[in-house]
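Trainee: I have a model open and I'd like to learn how to read it. Can you walk me through it?

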Amino acid sequence: MALRRASKALGAALALWAGAALAGPPERVVSINLCTDQLAMLLAAPGQLLSVSHISHDPNVSVMRDQALGYPVNHGQAEEVFAMAPDLVLAGQFTSSYTVGLLRRLGVEVAQLPIVTSLDQIPDAIRDMGRLLGREDHAEAVAEQFTADLAALRADPDRRPRAALHYANNYTSGDKSLANDILTAAGLANIALEAGLSGGGVLPMERLIMLMPDLIISGEAYPGASRSEAVLTHPALDALRDRHAGRAITDAEWVCGTPTVLRAIARLQGAAP
Amino acid sequence: MTRALALVLILLVGALFALSLLIGPAGLTPATSLAALVRGEGLAETLVMREIRLPRAILAVLIGAALGLAGAAMQGYLRNPLAEPGLLGVSGAAALGAVIALQTGFAAQVALGLPLAALAGAVLAVALILALAGPRGGALTLILAGIAVSALAGALTALVLNLSSNPFAASEIMFWMMGSLADRSMTHVWLAAPFIGLGGAVLLAQGRAFDALTLGEDSAASLGVNLPRLRLTLVLAIASMVGAATAVAGAVGFVGLVVPHILRPFVGARPSRLLWASALGGAVLVLAADIAVRLVLPDRDLKLGVLTAIVGAPLFLHLVYKTRAQGL
């Protein structure tokens with residue numbers, strides 16, 4: 001009798017839990033992508049976010065590392081994520097389709113958020129994350145604050161200094177990239193557009209030098225050596241920086257479409273010649 | 001005949017060196033290039049010519065000469081046309097030494113740490129090969145020893161790069177195994193030149209010993225060749241050249257195989273003449289290959305070793321076939 005009553009109570013509790021899971025905000029959220037980590041940490045209610053990706057503990061790319069250190073990390077593998085019994089998994093557009101597919105087959109709700117490629121998309125990205133987490137009001141406030149801050153910061157000078165974005169392997173970012181938007185908002189012009197590069201691509205060092213940028217914004221080198229990053233400190237570029245161009249660094253603040261990009265814009269305005 | 005060959009090779013090196021200086025994505029005219037290179041006219045043009053193209057062309061000459069000369073010396077000493085630093089794992093072991101020096105920070109802390117570590121790797125490989133398949137060993141022993149050393153060095157290089165904390169390191173396995181001269185600088189020239197110059201001078205001075213060795217070890221010894229000392233000199237000189245070349249450009253294979261093979265008929269099979277001819281010929285081959293990679297895929301950094309292997313591997317198969325026909 002007691003047993004039957006207990007099982008009835010349990011059944012009722014389960015039904016209630018299932019109903020809540022369907023209707024109410026998710027209570028066990030796991031993020032497996034650096035950029036969703038940051039938006040989730042920014043917007044989640046206390047205790048709502050269970051785990052962030054291990055990349056968010058990497059000081060080279062993670063701006064919110066101090067906060068991220070307070071969360072257990074995951075390595076984005078389906079098995080460990082499933083073991084946390086999440087009711088929502090936050091992933092990026094390019095998260096391994098095998099991982100996402102496997103989690104969905106196991107009945108886990110997975111939201112894949114698109115890559116932010118312009119400043120204008122950031123308020124919407126914040127609102128989307130707010131909706132997913134059931135934190136619409138908070139997200140709206142953050143999004144409005146960001147829009148206002150960006151408008152106050154945005155520079156539109158008559159003469160725009162020409163800047164070169166120079167990453168490992170001579171990669172650069174052209175238009176339709178967040179980095180290009182950060183440059184523009186800071187009052188600079190991107191020389192990759194003069195070179196006819198759209199999106200991202202390789203700008204050979206020779207052509208970069210022939211374009212004579214006023215500012216060279218270099219990627220930061222990771223610990224450990226690599227030949228790919230050796231180009232960042234090639235003597236030809238060092239000489240150009242010494243004799244002609246200013247220097248600046250592109251770092252973790254540039255990686256994700258979150259309000260942190262405002263810091264990158266402000267810093268760049270300070271460095272611009 | 002020999003003098004004509006020397007003249008042709010020197011002219012080829014000069015012409016390809018000039019062509020190498022004129023090719024690049026900046027699209028400078030020859031007149032602008034020359035004015036920038038010689039007189040330093042225009043900041044951008046001068047940086048492109050002096051800091052990007054000049055070191056690349058110089059390195060192509062140095063590395064080609066080092067590999068050609070090392071190949072000729074190994075073939076002369078082992079009296080085996082299949083001997084070559086790339087095939088025998090010497091380049092691979094040098095790459096392993098270089099990768100270890102870079103990833104442990106030894107290359108950054110110690111002046112000349114990078115070429116010295118590559119040299120150490122190459123010394124181990126040459127010594128191992130000569131010990132396993134010295135002058136008395138057959139072609140088969142030599143190649144098998146080379147395969148083993150190459151495989152081990154390649155595996156360990158991949159392991160070190162995969163263990164690196166740098167996310168780019170693992171993707172550079174291709175560079176270390178195939179070689180490239182893209183975006184090198186004068187720093188690399190100064191790292192490699194002393195080791196290649198010293199090793200080359202020492203090897204070229206051994207010409208008479210190599211000539212004597214063609215008569216067999218006993219005859220060479222009776223002609224006054226100190227064989228143990230020759231062996232030690234060879235190990236150090238070859239390792240010095242191949243080590244320095246690999247440290248700055250990765251492992252470029254088949255140069256030391258192809259060049260002596262092509263030039264041998266022109267020097268009357270005299271090893272002493274083959275040495276300097278192979279140095280010049282190696283420079284020609286690597287300059288040409290480095291020009292070709294820039295013309296074929298200007299934006300992609302096609303690896304040098306890809307081209308040299310396409311030329312070299314069929315020749316290698318041909319040599320294996322010939323060696324078999326001779327019953328070795």
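This is a predicted model: local features need pLDDT of at least 70, side-chain atom pairs count only at pLDDT 80 or more; totals for chains, interfaces and linings use all residues.

Trainee: Then what percentage of the 328 residues in chain B do buried residues make up?

Mentor: Buried residues account for 52% of them.

Trainee: Next, the interface. How many residues does the contact take from chain B and from chain A?

Mentor: The general idea is that the size of an interface is often given as the accessible area lost when the parts come together. Here we'll go by residues: 25 come from chain B and 25 from chain A. On the chain B side, helix 3 (43–78), helix 4 (90–104) and helix 9 (186–204) each supply at least two residues. Helix 3 of chain B gives the most, with six residues. By class, the side of chain B that touches chain A has 14 nonpolar, seven polar and four charged residues.

Trainee: Over to chain A. Into which domains is it divided?

Mentor: Chain A splits into domain 1 (25–150) and domain 2 (162–271), and their C-alpha centres lie 27 Å apart. You can read the boundary between them much like a chain interface. In chain A, 20 residues of domain 1 are in contact with 17 residues of domain 2. Helix 2 (34–43) of chain A gives the most to the domain 1 side, with five residues. That side of domain 1 has 13 nonpolar, six polar and one charged residues.

Trainee: How should I read a sheet?

Mentor: Strands of a sheet pair through backbone hydrogen bonds, either parallel or antiparallel. In chain A, four strands form an open sheet in the order 8-6-10-11, with parallel pairing. Strand 8 (189–190) and strand 11 (246–250) of chain A stand at the edges with a single partner strand each, so one side of each is left without a neighbour in the sheet. Strand 6 (residues 162–166) of chain A pairs with strand 8 over two bridges, and A:Ala163 has A:Asn190 as its bridge partner.

Trainee: Is strand 4 of chain A buried or exposed?

Mentor: Five of the five residues of strand 4 (residues 88–92) of chain A are buried, so the strand is largely enclosed by the rest of the structure.

Trainee: Which way do its residues point?

Mentor: In a regular strand the side chains alternate between the two faces of the sheet. In strand 4 of chain A, A:Leu88, A:Leu90 and A:Gly92 point one way, and A:Val89 and A:Ala91 the other way.

Trainee: Which strands does strand 4 of chain A pair with?

Mentor: Strand 1 (residues 29–31) of chain A pairs with strand 4 in the parallel sense over three bridges, with A:Val29 opposite A:Leu88. Strand 5 (residues 110–113) of chain A also runs parallel to strand 4, joined by four bridges; there, A:Gly92 stands opposite A:Leu113. Strand 4, helix 5 (residues 97–105) and strand 5 of chain A make a right-handed β-α-β unit.

Terms used
Residues are numbered from 1 along each chain as its sequence is written. Chains are lettered from A and ligands numbered from 1 in the order in which they are written. A residue is buried if 20 or more other C-beta atoms lie within 10 Å of its own, exposed if 12 or fewer, and partly exposed in between; C-beta atoms are placed from the backbone. Two residues are in contact if their C-beta atoms, placed from the backbone, lie within 7 Å. Ala, Val, Leu, Ile, Met, Phe, Trp, Tyr, Cys and Pro count as nonpolar, Asp, Glu, Lys and Arg as charged, and the others, Gly among them, as polar. Domain bounds come from an automatic or database domain assignment. Two strands pair if DSSP finds at least two bridges between them. A crossover is right-handed if, with the strands pointing away from the viewer, the path from the first strand over the helix to the second runs clockwise.
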